[in-house]
Amino acid sequence: MTMMSRISSQGRELSALIDLSARIGSDPLLIQGPGGNTSLKEDGILWIKASGTWLSQARERPIMVPVRLAPLLRAIAQNDPNCESAVEFVSADLNPQGLRPSIETTLHAVLPNKVVLHVHCVVTIAWAVLADGEQKLQERLWDMGGIYVPYARPGLPLAQLIRERAAPGTKVIVMANHGLVVVGESVGETAALLDDTVTRLRRPARSAPERDMQALLRLCEGSDYRLAGLASAHSSATDLESLEIAAKGTLYPDHIVFLGAGIFMLADDESLADGLRRAMRLGLKPPPLVLVPGKGALIRKGLPAAAEAVAGCLGDVLARLSRDEPIRPLTGAQVDEIANWDAEKYRQSLARRAD
Ligand SMILES: [Zn+2]
């Protein structure tokens, strides 16, 4: 069966979801790399984005996996660890590519709505990393059925938390130090709700000085590092207010998955070689991302494209935070939980393979 005939036989809503996925996946203020996921429930099947695939590629290649919803929900109710990967609930006859469901499949399953969109929306993340974010978000979102849930590790713990907290009228969920979920009964309605939510959560972004290309090239010479590709990644280091906030700690899980725990920065006038020796003395692996104060950002060579996208996200989030706000980074235990998580290691290996 060709891709087009398969899509038409699966119905208009799935086709609309694929179009929407490609659109939101191409907006770096909503989705970075393989992050975020979308789903549709139809005829007892949960169509969910496959692990490691990019929403931005939704029109070019199959990215949706069919998962049998009823047995998955029974497994979630029993807190069965097998539902975290959800592979055993895939409807194999509808999955000729052998795709593996997103690690966030359970989050989509526990919400009763037909359409679920989960984005790593930059403005939402900026609110969601504030110690007083809950109160500020309630003020902005309560009248549209918005709720705030505290941080839980993505996967089964987060899905269980949402299962407890979401009420029948819940339409918008902000997940602390993570991102946004919006739900609805059609793709069009849910897309409109996403736009409305993002508008309500808008935060001004500071503009940052340009990267210092000559200084960065000098630092990288003969090293395993190169200049970051995205202007927003450089802004984390050229905007000294952003840099000051970055030093407070790791803000959300995808940063750890693709760029490691913590944010490594050179000291003023420190060479890259000296910085890397200092990292080694601290027991760190060569950091995937190095911020050079006032100059810009360096990325370790050979990292997957997802790392570039996630480095850009950091700059976009930091530019929307101010040094006077109470920032709440992930705790050491929360960082370790992601860094040592097998499912995330699988996702990293997929990202490497996809490049
Ligand atoms: Zn997520």
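Student: How do you know that strands β10 and β11 are paired?
Tutor: Two strands pair if DSSP finds at least two bridges between them; β10 (residues 289-292) and β11 (residues 296-300) are joined by four bridges and run antiparallel, so they count as paired. L289 stands opposite I299 in β11. Strands here are DSSP E runs of at least two residues, and helices are H or I runs of at least four, numbered from the N terminus.

Student: Before we go on, what kind of model is this?
Tutor: It is a predicted model, where local features need pLDDT of at least 70 and side-chain atom pairs count only at pLDDT 80 or more, while totals for chains, interfaces and linings use all residues. Residues are numbered from 1 along each chain as its sequence is written, and side-chain values use heavy atoms, with hydrogens and water left out.

Student: What makes β8 and β9 edge strands?
Tutor: Their open sheet has four strands in the order β8-β11-β10-β9, with mixed pairing. β8 (225-227) and β9 (264-265) each pair on one side only. Helix α9 (residues 213-220) lies across β8, β10 and β11, at about 170° to β8. That angle is taken between N-to-C directions on a scale from 0 to 180 degrees, using axes fitted to C-alpha atoms, for helices over the stretch in contact.

Student: Why is L217 called partly exposed?
Tutor: Buried means under 20% relative accessible area and exposed means over 50%, with partly exposed in between (1.4 Å probe, protein chains only). L217, in helix α9, has 42% relative accessibility, so it counts as partly exposed.

Student: What makes strand β4 largely enclosed?
Tutor: Five of the five residues of β4 (residues 115-119) are buried, so the rest of the structure largely encloses this strand. V115, L117 and V119 cover one side, V116 and H118 the other, and all are buried. On pairing, β4 is joined to β1 (residues 37-42) by four bridges and to β7 (residues 179-184) by five, both antiparallel.

Student: Which strands stand at the edges of that sheet?
Tutor: The order is β3-β2-β1-β4-β7-β6-β5. β3 (64-68) and β5 (146-149) each have a single partner strand, so one side of each is left without a neighbour in the sheet. The twist averages 20° from one strand to the next.

Student: Why is the zinc site called irregular?
Tutor: Start with the donors, which are N, O and S atoms within 2.8 Å of the metal (3.2 Å for Na, K and Ca); water is not among the atoms, so sites may look incomplete. E104 (OE), H118 (NE2), H120 (NE2) and H178 (NE2) lie 2.0 to 2.4 Å from the zinc ion. Four donors are tetrahedral if all angles lie between 85 and 135 degrees; four are square planar and six octahedral if opposite donors are over 155 degrees apart and all others between 65 and 115; anything else is irregular. Here the angles among the four donor atoms run from 86 to 158°, and the site is irregular.

Student: How do you know that H118 and H120 are buried?
Tutor: H118 has 0% relative accessibility and H120 has 5%, so both meet the cut-off for buried.

Student: What makes a group of residues a nonpolar core?
Tutor: The set must be buried Ala, Val, Leu, Ile, Met, Phe, Trp, Tyr and Cys residues joined through side-chain atoms within 4.5 Å. The largest one has 77 residues, with L291 and L321 making the most contacts inside it. Helix α14 (residues 305-318) gives the most to this core, with eight residues. A second, separate core of 31 residues includes L72, L99, A159 and V181.

Note on methods: Contact means heavy atoms within 4.5 Å.
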